[in-house]
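Here are my notes for a colleague meeting this structure for the first time. Please read them beside the view below.

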Amino acid sequence: MITKSDLGKVIKPDYVLEGDGSFQFHESDPEERVLRDVDFYTSGHFVALSTMLLKDSAAIYNKQFEETRLRSNCDKVVLLNKDGKDYIVWVEVKTSFNEIYRKGIFQFPGCYYRTKAFLNNFVSHLDEGVQEFALAVYAEDAPPVEISSASNYTQAKLTKINPAPETAHQKIENKYKSVLKSRGICTIEGSDFGMDKMPILEKYKVGSLPCVVWPVTYKGGVVNMDEVIALL
């Protein structure tokens, strides 16, 4: 398994957290209605790449690619070893279930590509037996978004008079809305996001990536990674 010492040879130590037991996600967004803190627990050993690293590394791709999906970030990328088995987990935290299929699902493919390209520097530590998966976390008891009835009425009236054609984004959203299940597992297909057509090496593209959807409580979110892994 790749260690913090390995990564420290090419990136700042501040970008990496290593340990046993638990790691945390914290959202600094100033909006009130957001899932701010989630604690992840594991009986294994983990190496977590910081959100700061993911955001800083995206700057390269902002100039190189126009495709938004290649520049999107996940909240965490975690290398995990449990019972002698290695895992790479792309973690995205959203406040509501709706935000997973409207926004979150689009953040995995590009972050997957950039992570795999980066970890290629440590290919000797990654054998073919590594299990890769995405993890989408949300608060099932999050307070609903308040939308005025007047706004709903106006939108419904406009849609009825002049319905807009379904966009490529909406097609993907509608597909994953139907297959994503709370505390369940589905498969993200890279071809849905055009990864098969991207001008990048095949080994960096998302093929079929298992995705686990995991509910937590809005105040004091906790994820047991051992339970998540048991679904794979």
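1. Start with Val89. The model is predicted, and in it Val89 has 0% relative accessibility. The cut-off for buried is under 20%, so Val89 counts as buried. Look for Val89 in strand β4, which spans residues 85-93.

2. What surrounds Val89? Set aside the neighbours within four places in sequence. Val89 is then in contact with Lys76, Val77 and Val78, and also with Phe133, Leu135 and Met225. Val89 and Gln131 are 42 residues apart in sequence. In space, their C-alpha atoms are 8.5 Å apart.

3. Next, the nonpolar cores. The largest one has 43 residues. Leu7, Trp90, Leu180 and Ile188 have the most contacts inside this core. Helix α5, residues 108-119, gives the largest share of the core, with six residues. A second core is separate and has 26 residues. Val38, Val91, Phe133 and Ile229 are among its members.

4. Now helix α7. This helix runs over residues 168-179 and has 12 residues. From the first C-alpha to the last, α7 reaches 17 Å. That is close to the 16 Å expected at 1.5 Å a residue.

5. Which residues of α7 are buried? They are Ile172, Glu173 and Tyr176. These residues cover an arc of only 100° around the axis, so they sit on the same side of α7.

6. Finish with Lys205. This residue is found in a loop, between β6 (184-189) and β7 (208-216). Is Lys205 buried or exposed? Its relative accessibility is 10%, so Lys205 counts as buried.

7. What does the side chain of Lys205 join? A polar contact of 3.0 Å links it to the side chain of Glu202. Lys205 also touches Tyr112, Met195, Asp196, Met198 and Ile200, with residues up to four places away in sequence left out.

How values were computed:
Residues numbered from 1 in each chain as written. Predicted model: local features only at pLDDT ≥ 70, side-chain atom pairs only at ≥ 80, totals over all residues. Heavy atoms only, no water. Helix = DSSP H or I, 4+ residues; strand = E, 2+ residues; numbered from the N terminus. Buried < 20%, exposed > 50% of the residue type's maximum accessible area, 1.4 Å probe, protein only. Polar contact = N/O pair within 3.5 Å; in protein donor to acceptor, adjacent residues only side chain to side chain. Contact = heavy atoms within 4.5 Å. Expected span 1.5 Å × (residues − 1). Arc of directions from axis to C-beta. Core = buried A, V, L, I, M, F, W, Y, C linked by side-chain atoms within 4.5 Å.
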